[in-house]
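Open the model in your viewer and keep the sequence panel at hand. Each stop below names a selection and then says what is there.

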Amino acid sequence: MKRWLYILFLVLLALPLHAQSEETTRILSYIQKAMNFNKVVPQEKVYLHFDNMGYFENETLWFKAYVTRTDTGHPSDLSKVLYVELLNPSGDIVKTCKYPVDSLGVSHGDIRLDSLLTSGYYEVRAYTRYMTNWGTNAVFSRVFPVFKKPAKEGDYSDLTIRTMLYYARDPNNRVSDDSLYQKAIDDGIYTRDLLKTISVKFYPEGGDLIAGKKCRVAMLAVDDNGHPHEGEGFVMNEKGDVLASVQTDTLGRGVFELVPDTGKLTFQMRNLKKSTRRSVQYFPLPEAKRDGCTLSVDAVSEQMLATLQCSDGICGNLLGYVIMHNGNIFRCDTLTAAPIIEIELDRQAMPEGVNQMTVFDSRGAIMAERLFFLCPKPDKSDSIQVTTITQRLKPCGKVELELQTKPNSNLSFSAIDAKTMTNGKQGNMKTWMLLSSEVRGYIRNVDYYFEADDEAHRRNADLLMLTQGWRRYDWRLMSERYTFRKAQPIEDQFYLNGQLKAYRKHNPVSNVHLYAILYNEKGQSLIGNARTDNEGNYAFKLPFVTDEWKMCIYTTRDGKKKGMEKKEKLKTYYVGIDRQFSPEARYLTPEEREILHPLKPNAFVKKLGEELGEEDEFIPITEKDHVLQNVTVKAKRRYFTNDDWHYKNEAWGRQYATLHYDIDKELDKILDRGGPEPTIFEFLAKNNMMFNNPECIDLPKVMLPPGPVRSLSMGSGHMAYGGRPIVWIVDNRDRGETFSDGSSGYSDTGTAFFVQFFPMFMSDIKSLYIVPSSPSGTEVIIYIYTHVRYSTESNKGLRHTYFQGFNQASTFKTEDYSVIPPMADFRRTIWWQPDITTDAEGKAKVEFFNNSTCEEMYISVEGMTQDGKILINE
């Protein structure tokens with residue numbers, strides 16, 4: 001296909017100059033630019049294979065990452081740093097990890113779920129720094145239910161979870177569905193009325209409605225809770241004539257055909273489930289254009305056909321079209337616009353997965369565009385066969401399995417106790433790489449689209465493309481009609497870069513020397529230097545390091561350190577650091593926040609009526625004599641006391657909190673962007689919509705007797721949280737007590753007063769916890785924990801911060817029951833092995849020990865060959 005494509009392209013270029021019109025030359029130049037773009041700016045994809053499908057608090061989430069290049073489909077040789085984030089239901093990043101990507105494009109790591117404030121639906125995201133150039137939709141994302149920790153060890157029957165996405169008293173920092181589609185609202189393809197109980201989105205096939213031309217329009221209807229709406233609708237013109245009707249499916253999707261005119265079109269839909277409000281609702285359709293093209297692709301029939309209809313004002317113009325897969329153009333040509341143009345597409349010759357057809361004019365402007373999906377053909381050579389060598393599971397007994405697939409493949413393996421599975425499957429590597437990564441948002445039951453390649457599956461897949469299609473490959477950028485701004489580099493090593501700005505005018509400063517000094521707890525240190533360019537930008541290259549390093553960046557000019565100049569020249573520069581590139585938290589649909597039916601076991605499945613034998617019954621160590629191995633005592637446990645531990649123990653604030661701010665990191669974000677340090681009140685008012693009236697920082701101070709005054713209340717008329725007064729508690733001191741002069745933490749009138757030693761600035765604070773409901777139920781309690789920090793006086797031209805190296809991946813460990821007796825063992829993930837390589841015959845052996853209760857297992861194995869072939873066990 002590529003050979004014929006280039007032959008066609010070379011033939012067109014070889015035409016005599018007099019035979020080429022100016023339009024032809026321009027069209028060919030756009031095609032050539034798009035071809036070169038994908039070579040110069042290739043994209044990456046990330047997929048994570050997890051050890052389980054749902055978790056409980058205090059468990060560990062294990063994962064294996066596979067990073068590929070989209071232009072070749074092979075393991076990526078670009079980025080060497082992977083970012084993995086855990087986001088809470090409100091969209092706050094609660095953990096960020098960095099892991100190295102090896103030469104095979106793989107990485108693995110883990111996230112401890114031991115510091116979560118509440119159960120709920122948590123999102124795991126993975127991306128490279130380079131991938132953030134394409135926004136939130138380009139990153140890997142998956143949502144997991146995290147249940148409350150079992151009251152009794154091993155009892156996983158109580159699946160308690162925070163069913164609401166957000167409490168009314170918690171902020172929502174995720175991109176809302178409304179803001180996500182604001183552009184669509186402006187363009188007239190999305191209609192929403194807050195007084196209505198249904199929201200409808202319209203997606204004309206090809207992009208636009210063209211007056212007088214037959215158009216196909218897909219639609220998506222959801223109710224006021226975001227759930228799909230199943231019902232009947234009608235399209236009417238200004239005269240009230242019904243032009244089309246549609247019946248939405250269980251996912252709220254539908255499609256209808258009509259020939260629009262230049263008048264207004266209205267869509268009428270009946271809400272049968274809401275009898276107390278308007279049962280019939282009306283929505284305007286997008287306005288039809290007088291001139292343009294409609295593009296319809298028949299992706300259901302065996303002989304595929306693309307039909308292009310051009311208006312009279314377009315007919316006779318020269319157009320071009322390309323068909324792309326993963327950004328690679330595999331078919332292109334020119335054509336003369338006509339009322340109807342049909343282009344035959346060979347299904348067998350096109351790549352599997354999502355393809356994109358774009359029609360454009362001689363100016364490079366898109367006339368019509370369409371995504372379509374081709375289901376991959378079944379191939380047994382892509383599967384991983386799992387053979388159980390062990391015939392029957394025993395409590396804490398040894399388990400042996402054999403894997404068979406392609407030679408020299410890299411695999412990851414998970415064995416789950418089937419009885420403790422709490423959630424269903426959400427796709428695999430094949431469904432992500434070929435489909436989910438190419439569309440916007442969550443795909444419900446994504447495995448369905450890979451089950452079969454019959455008419456019903458093709459039709460539903462086409463509806464998915466029409467309603468959730470996202471342009472990963474933007475023709476406007478690829479053809480260089482728009483300028484692509486590569487804001488983030490390919491991170492083949494650690495980069496420390498940013499911008500230097502003047503203190504007063506806040507403008508970039510050029511030709512300034514910067515020195516960076518990094519050191520860690522082991523006594524290791526790194527030193528680097530750089531100079532700002534004309535736009536105030538600087539960059540350091542750092543070697544790959546692990547764990548967190550303290551970092552100091554200072555500036556010099558004319559060979560003088562800022563600390564050595566006069567005091568009035570100290571406050572000259574803000575040192576910004578470009579490391580806040582984490583994408584926005586995306587909108588989560590209600591379907592993503594539902595618990596799926598757990599899968600059936602696929603290994604060691606018991607036969608109907610089969611019972612455990614006496615030899616298989618688990619007997620605890622307390623009820624049976626066992627011979628223990630000899631143990632040598634190497635050291636005695638050491639005990640420490642710290643009088644300040646009680647006051648710094650964050651467990652007090654964490655116990656009932658639903659929201660936590662790591663103030664150190666939040667302050668770094670502000671300083672990284674070159675901003676001044678705010679007070680804690682200013683920060684909270686800006687970052688949490690539940691706070692109001694930040695002017696409380698101007699409250700009159702009430703001087704109290706010397707001593708550690710650590711509690712105050714702010715009443716009505718001053719800063720409040722959701723309209724309720726706030727009780728501030730600092731370092732757990734004076735909780736519910738009176739002050740040394742006998743006064744309480746409240747004034748006689750109930751209004752707020754200010755206290756001595758209250759930490760005003762963010763640099764004085766380590767962390768902050770918000771408890772939205774106090775014991776009395778009328779106040780909000782905020783716990784603040786302080787620590788000694790560097791002085792903030794020298795932060796202009798002298799920056800104290802940190803640098804995060806690679807996190808060190810933990811090793812999945814179990815007891816070795818060949819040397820110790822069986823014991824109560826309630827692992828839900830029986831075994832996780834992220835790095836398995838098959839031999840020359842494609843075989844690999846896996847050995848591990850069972851827990852004390854597992855009778856049936858669910859085995860999940862995924863992997864990739866060195867040339868990018870996806871492998872899964874089905």
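A salt bridge here is a side-chain nitrogen of Lys or Arg within 4 Å of a carboxyl oxygen of Asp or Glu. Keep in mind that this is a predicted model.

**Stop 1: salt bridges**

The structure holds 39 salt bridges. Select aspartate 462 and arginine 216. Their side chains meet in a salt bridge, at 3.3 Å from N to O. Aspartate 462 belongs to helix 6 (residues 455-468) and arginine 216 to strand 11 (residues 215-223), so this pair ties together parts that are 246 residues apart in sequence. Is aspartate 462 buried or exposed? Its relative accessibility is 6%, so aspartate 462 counts as buried.

Now select lysine 377 with glutamate 352. Here the side chains meet in a salt bridge at 4.0 Å, N to O. Both partners sit in loops: lysine 377 between strand 23 (366-374) and strand 24 (385-388), glutamate 352 between strand 21 (341-345) and strand 22 (353-360). The pair therefore ties together parts that are 25 residues apart in sequence. Lysine 377 is partly exposed, at 44% relative accessibility. Glutamate 352 is also partly exposed, at 31%.

Go on to aspartate 453 and arginine 458. Their salt bridge spans 3.0 Å, N to O. Aspartate 453 is partly exposed at 36% relative accessibility, whereas arginine 458 is buried at 11%.

**Stop 2**

Switch to a cartoon view. An open sheet is formed by 5 strands in the order 2-8-7-4-5, with mixed pairing. Its edges are strand 2 (55-56) and strand 5 (93-100), each of which pairs on one side only.

Select strand 4 (residues 81-87). Strand 4 pairs with strand 5 in the antiparallel sense, over 7 bridges. Strand 4 also pairs antiparallel with strand 7, over 5 bridges. Which residues stand opposite valine 84? In strand 5, cysteine 97 faces it; in strand 7, alanine 126 does.

Move along to strand 7 (residues 120-127). How many of its residues are buried? The count is 8 of 8, so strand 7 is mostly covered, with buried meaning under 20% relative accessible area. Strand 7 is joined to strand 8 (residues 140-147) by 7 bridges, and the two run antiparallel. Select tyrosine 122 and look across to strand 8: phenylalanine 144 stands opposite. As you inspect side chains, recall that in a regular strand they alternate between the two faces of the sheet.

**Stop 3: the largest cavity**

The whole structure has 6 cavities of 30 Å³ or more. The largest cavity holds about 180 Å³ of space. It is lined by 19 residues, and those closest to its centre are His49, Met53, Lys425, Ser860 and Glu862. Select these five to centre the view.

Which strands supply at least two residues each of this lining? They are strand 1 (44-50), strand 26 (410-417) and strand 44 (857-864). Strand 44 gives the most, with 5 residues. Colour the lining by class: 8 residues are nonpolar, 7 polar and 4 charged.

**Stop 4**

Most residues other than glycine have a negative phi. The next two selections have a positive one.

Select aspartate 547. Its phi is near 65°. Aspartate 547 lies in the loop between strand 30 (537-542) and strand 31 (548-557). With a relative accessible area of 32%, aspartate 547 is partly exposed.

Then jump to aspartate 731. Its phi is positive too, at about 55°. The loop that holds aspartate 731 runs between strand 38 (726-730) and strand 39 (765-771). Is aspartate 731 buried or exposed? Aspartate 731 is buried, with a relative accessible area of 2%.

**Stop 5: cysteines**

How many disulfides does a search of the whole structure find? The search finds 0. Select cysteine 396, which counts as buried at 5% relative accessibility. Finish with cysteine 552, which at 13% counts as buried.

Notes: Residues numbered from 1 in each chain as written. Predicted model: local features only at pLDDT ≥ 70, side-chain atom pairs only at ≥ 80, totals over all residues. Heavy atoms only, no water. Disulfide = S-S within 2.5 Å. Buried < 20%, exposed > 50% of the residue type's maximum accessible area, 1.4 Å probe, protein only. Pairing = 2+ DSSP bridges. Helix = DSSP H or I, 4+ residues; strand = E, 2+ residues; numbered from the N terminus. 1 Å grid on protein atoms, 1.4 Å probe; cavity = no way out; pocket = protein on both sides within 12 Å on 5 of 7 lines; lining within 4 Å. Points joined across faces, edges and corners; volume = space filled by probe spheres on them. Nonpolar A, V, L, I, M, F, W, Y, C, P; charged D, E, K, R; others polar.
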